[in-house]
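Keep the sequence and the model open side by side.

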Amino acid sequence: MHRFFRPLKLQQQVAAIAIAAAAAGVAVSPWSTSHLLFGIHHISGCVRLFSSKILTFTSTTRLNRHNPFILTQNRPTKRMVWTYPEVRRDSSAVEELHGTRVADPYRWLEDPDSDETKAFVEAQNTLTNKYLESYPDREKFRQSLTTMYDYEKYGCPFKKGDFYYYFHNTGLQPQSVLYQQSSLTSEPKVFFDPNALEADGTASLSSYSFSKSGKLFAYGISKSGSDWVTVYIKPTTGFEPNQHLDDLVEWVKFSGYSFTHDDAGFFYNQYPKPEKTGDKGTETDSNLNAKTYYHKVGTQQVEDILIHQDPTNPEYLFGAEVSEDGRYVLLSTTKDCDPVNKFWIADLQKTGGKVTTDLDFVKVVDNFDAEYNYIINQGSKFYFKTNLNAPRYKIITYDLEQPDQGFTELIPQHPVDVLSFAKVVHQTNLITVYMHDVKEQISIHDLSTGKLLRELDIPIGSIESLAGRNEDTEFFFKFTGFLNPGVIYRYNLLDNSMSVFRTTQIQGLDAENLETKQVFVESKDGTKIPVFIISRKDLTLDGKNPTHIYGYGGFSISMTPMFSPTWINFVQHYEGVLVVANIRGGGEYGEDWHAAGMLHKKQNVFDDFQAVSKWLITNKYTKPEKLSINGGSNGGLLVGACINQAPELFGAAVANVGVMDMLRFHKFTIGHAWRSDYGDPDKKEDFEYIYKYSPLHNVQSEKPYPAVMLVTSDHDDRVVPLHSYKYIAQLQHVAKDNPKPLLIRIETKAGHGAGKPTKKKIEEATDRFAFIALATDAQWHD
């Protein structure tokens with residue numbers, strides 16, 4: 001069961017589209033289950049923004065002649081004063097929560113369709129755009145980043161039926177294209193091209209699945225980055241690239257597609273149609289009452305067979321999968337983002353291979369004590385990756401014909417390393433990926449005994465994707481690192497040979513003069529936090545370097561090394577230092593590391609991030625004025641909490657699609673699933689803890705804030721944009737005299753991050769670093 005309904009880091013999605021995401025230029029671990037000029041005088045009578053009053057200065061303040069938005073002050077006591085859009089505060093919006101009166105003056109911003117909210121969005125974007133346009137090197141950054149993005153991106157080849165497939169992007173295509181070839185050396189042809197769906201590239205291939213025979217291809221299309229997808233079916237031969245059957249499956253969300261082996265149909269997950277249906281992704285309704293269906297090829301959706309639902313637990317999410325041998329239907333039930341699930345198995349032989357509404361499921365696991373990820377089965381013997389009494393995961397087996405034996409351990413938990421992924425290739429070879437101090441390595445074990453056969457000699461970095469089937473004699477994997485855009489390797493299991501299949505070349509990457517190192521920083525409570533530092537080899541530790549920290553810290557998601565053209569552009573052209581902090585709450589050291597940063601230990605996450613910031617300052621990498629921070633989704637919450645708690649540490653902060661209203665996050669779309677990490681605001685003990693760090697409710701006026709830019713999108717139905725709207729309104733109200741700007745950038749026709757076309761990625765990254773450069777006075781170097 002893929003728990004990809006979490007608030008995630010940039011583009012982290014289901015295993016099935018890891019290759020596509022990688023080909024689009026985003027590093028994604030395929031087994032991360034569980035992982036944006038002129039003023040208006042009057043709008044709707046509520047918001048005013050005057051171009052002549054973007055800035056207000058004291059009489060002794062003078063403008064920098066090179067940049068009108070950077071002040072040169074005659075005396076250190078003089079400060080810049082900003083004039084922000086006037087945003088209505090509703091003083092009547094107060095409620096009592098567990099004996100505490102909580103004001104919510106911007107609750108009206110929760111309605112994305114009101115004229116008043118639309119006016120707010122337009123006025124805020126006008127202010128932000130004018131500020132960003134003042135940066136003189138903005139176009140240089142954009143052009144340099146565009147050049148660096150313009151390289152061929154390949155995904156690992158994988159075989160389905162009689163054909164090989166791979167994703168490819170020529171460089172600046174909005175979306176990656178899926179190619180088909182009869183052999184690895186034959187001429188490839190376009191099999192599916194999402195770029196043909198929308199002129200602006202905002203339709204994306206969100207998820208897909210091939211049937212076992214390889215004759216059918218089910219694929220989900222997302223528009224404008226929404227989590228909603230519409231599913232189509234395409235035969236793999238005899239059809240034009242984007243031609244499909246008449247089948248149409250709608251209102252699908254958080255779902256994979258698994259065909260029965262007779263090619264008759266597939267299982268999928270659906271939610272009830274929301275009241276607002278005109279513009280998918282802009283609604284905020286809570287996603288409840290999921291149902292699992294079986295769609296028969298060639299029929300209408302209304303005829304689909306209901307496989308499972310649980311009306312008594314409307315927040316549960318289900319996923320049905322057909323076993324490797326086609327005999328069994330595997331049903332997984334997840335209650336939230338916690339890495340635990342129920343696991344039921346139904347034998348299709350009992351129904352003559354037919355899928356019916358009353359499948360007889362054997363409840364192998366009927367509680368939420370641990371996570372069980374199906375790997376393969378050999379007859380009645382099933383293999384699972386699990387955290388059952390193993391926070392770093394292990395491999396176990398279960399025999400349906402000998403249930404009294406329970407679970408049997410095949411590969412025990414490693415003493416130190418975390419088991420990230422496991423799959424079987426060539427019948428008897430169990431391929432595993434282990435993570436050691438946030439660096440991944442591949443091992444091969446004997447499936448019957450669990451014995452370690454060999455470890456692959458690969459560089460230090462991450463395994464971005466791995467492709468191979470039980471019936472294959474080879475597998476492919478893509479290795480990547482902070483300075484390595486990707487090498488695809490081919491491993492032959494017949495002679496145990498490994499070769500380079502494809503390398504990636506990038507114009508403008510000066511990797512020879514850059515380096516990556518890992519340090520371990522002591523946090524507030526003494527815990528050692530792993531930290532990656534990417535910089536020039538000739539870096540001078542004088543406390544003056546522009547430095548940028550990225551963090552996430554939640555939902556057991558690991559921030560493994562990944563290649564980012566944006567980060568490299570910052571390091572090379574600002575002579576900057578890029579830092580990735582592997583703070584608690586992630587999965588870098590297994591479930592214990594995750595648990596140490598969730599629920600009533602969430603403050604550890606913020607303490608870790610602040611400790612890394614202080615370490616960088618103490619060790620002369622930078623100083624607060626030169627230090628910028630960034631995080632997305634749960635990482636946006638991280639940024640919001642840290643600038644409230646320790647604003648003096650930072651010169652600039654950018655929070656992408658952040659969870660900012662921690663008292664109401666559970667009331668919108670899939671937010672209720674995040675209570676496993678955050679706690680439940682409806683429970684007094686959780687409320688009292690959450691209330692102390694919720695960004696929206698802890699905006700302060702005692703210390704000046706760094707320059708702040710929130711980034712969100714109008715079609716983000718994962719972390720709905722109201723979080724950022726309300727937080728920026730509160731910041732601008734409470735800290736209206738802040739010497740540095742407090743802004744928000746609101747993207748249109750975009751969602752939480754997945755499926756964003758290349759041009760939008762470049763535009764957003766350009767604006768992010770234009771803002772950071774302005775705020776930290778980072779100098780561009782050609």
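This is a predicted model: local features need pLDDT of at least 70, side-chain atom pairs count only at pLDDT 80 or more; totals for chains, interfaces and linings use all residues.

Residues are numbered from 1 along each chain as its sequence is written, and side-chain values use heavy atoms, without hydrogens or water.

Start with an open sheet of four strands, in the order β20-β21-β22-β23. Its pairing is antiparallel. Two strands pair if DSSP finds at least two bridges between them. Strands (E, at least two residues) and helices (H or I, at least four) are DSSP runs, numbered from the N terminus. β20 (317-322) and β23 (361-365) stand at the edges with a single partner each, so one side of each has no neighbour in the sheet. Look next at β21 (residues 328-334) and β22 (residues 342-347): six bridges join these antiparallel strands. V329 stands opposite A346 in β22.

Now move to helix α7, residues 634-645. Its twelve residues should span 16 Å at 1.5 Å a residue, and the end C-alpha atoms are 17 Å apart, which agrees. The expected span is 1.5 Å times one less than the number of residues. Eleven of the twelve residues are buried, so α7 is largely enclosed by the rest of the structure. Buried means under 20% relative accessible area, with a 1.4 Å probe and protein chains only. Among the buried residues are L637, L638, V639 and I643.

L649 lies in the loop between α7 and β41 (652-656). At 7% relative accessibility, L649 counts as buried. Beyond its neighbours within four places in sequence, L649 is in contact (heavy atoms within 4.5 Å) with Q610, S613, K614, I617, P624 and L627. Q610 is 39 residues from L649 along the chain, yet their C-alpha atoms are separated by 7.8 Å.

Definitions and conventions:
Buried means under 20% relative accessible area, exposed over 50%, partly exposed in between (1.4 Å probe, protein chains only).
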